Amino acid sequence: MMVGMASEETRTLTSPTVRTPAPHAARTAPGKPAAHPWRTRLLVIGIVLAALNLRPAITSLGALLEEVRDGLGMSGSVAGLLTSVPPLCFAVFGVTAPRLARRFGAGAVVCAGMVAIGAGLLIRPYAGGTAAFLAASALALMGIAVSNVLMPVIVKRWFPDRVGSMTGLYSMALALGTATAAAATVPLTGALGGNWQSGLAVWAALAVAAVLPWIPFVRGKDREGDGARGERTEPAAPADAPALRITRSRTAWALAVFFGLQATAAYITMGWMAQIFRDAGVPAGTAGLLLAVTMVMGVPLAFVIPRLATRLPHQGPIALVLGVSGLVGYAGLYFAPAAGAWVWAVLLGIANCAFPLALTMVGMRARTGAGVAQLSAFAQSTGYLISIPGPLLVGVLYQHSGGWGLPIALMAALMIPQMAVGVLAGRPRTVEEESQPPTPSH
């Protein structure tokens, strides 16, 4: 896999004045030392381990949501609020990631993020009470939020000629971590004595392991444009280049809405799908496995989709295929949730691969590392704000309607605008072209 990635050149969009160096060319600024091979390999390991930690905090909770509700005395509406906390934290904390990276370095911020994830996961099961549980969850989600935003930035900066492969690699690792937590949490809880606190806390160990490879990237400078740490850098934009005003870009808005709608579907799935199957008569262990199947579909597809997307001039057709899979999966979940459970789990897993597609488009819709940082922060923070009401609304509809008909209808309805904005976000253009103010005529 590493050899294949080393030979790949993705077709990212570049301007005439800002060019991505060829694989054989020097990638550091003049007078700066070349990147040591061991640092590059360590960074790849760090990216993979960090990606493995970006979802277990959520899917492990989804697998034990009923036990957590009983243990903490939560109502359905409060449980819906709990499933809305991840996108809220991602929106609030994710927007700070570029500023933190400029001040402390992207590696230091990701390392701190892994520490926050580990601490939050270890504390929250034993915090006592719903409020403390939410606060500890927010600590872990804060670490996830900044790492979410910085992953595309790190890939663009260190691997400018391998955006598709590296995005696929960490998307695949993210999907693997998501699926593993969904499948293994219930069995692990049983092996640890049936205590849901232990079943949730065990995932802190994975975050501790992810801290280690990032430690060498904490010391010294690895800020944008600094080659002292051996990054693969791009030529800086001219000093008199117009400021990038991301909110003027229609592509940035389309990508933000696409990100928000796919996140809505993903967090509803991670938070509620196991419960939907359990309410349909599926045993708890099998329901966890079905959620794991949905998540594990992202392992191969998260590697394939970014590579395919970087080879297509327009990524809209991929968004349409994923949306149709979601619509069929929701229809099956509505009419025969137990009878066709494995089929619906597979189809919804395919639909959830809109996430690696969105990440890939973030890297393709901006020319430079700075542009990717702005676009990533804007699209993810705005998108997660858009996604906040979805899981909460599902909880409210479920509690007041007494069934899953209305929540599933809502999920299916949201898939239509997701497909539409996916087509708009997939057009071959960059935010720099759209967001810079017009040059005054003389």
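**Why these labels?**

Colleague: Why is Arg 278 called buried?

Modeller: Its relative accessible area is 19%. Buried means under 20%, exposed over 50%, and partly exposed in between (1.4 Å probe, protein chains only). So Arg 278 is buried. This is a predicted model: local features need pLDDT of at least 70, side-chain atom pairs count only at pLDDT 80 or more, and totals for chains, interfaces and linings use all residues. Residues are numbered from 1 along each chain as its sequence is written, and side-chain values use heavy atoms, without hydrogens and water.

Colleague: Why does Glu 67 count as partly exposed?

Modeller: Glu 67 has 29% relative accessibility. That falls between the two limits of 20% and 50%.

Colleague: What makes Arg 278 and Glu 67 a salt bridge?

Modeller: A salt bridge needs a side-chain nitrogen of Lys or Arg within 4 Å of a carboxyl oxygen of Asp or Glu. Here the closest N and O atoms are 3.5 Å apart, so the pair qualifies. Arg 278 is in helix H12 and Glu 67 in helix H4 (residues 65–72), 211 residues apart. Helices are DSSP runs (H or I, at least four residues), numbered from the N terminus.

Colleague: Why are Phe 259 and Tyr 384 called edge-to-face?

Modeller: Rings of Phe, Tyr and Trp (its six-membered ring) pair if their centres lie within 6.5 Å; planes under 30 degrees apart are stacked, over 60 edge-to-face, the rest tilted. These two have 5.2 Å between centres and 85° between planes. So the label is edge-to-face. Phe 259 lies in helix H12 and Tyr 384 in helix H18, so the pair ties together parts 125 residues apart in sequence.

Technical notes: Helix = DSSP H or I, 4+ residues; strand = E, 2+ residues; numbered from the N terminus.
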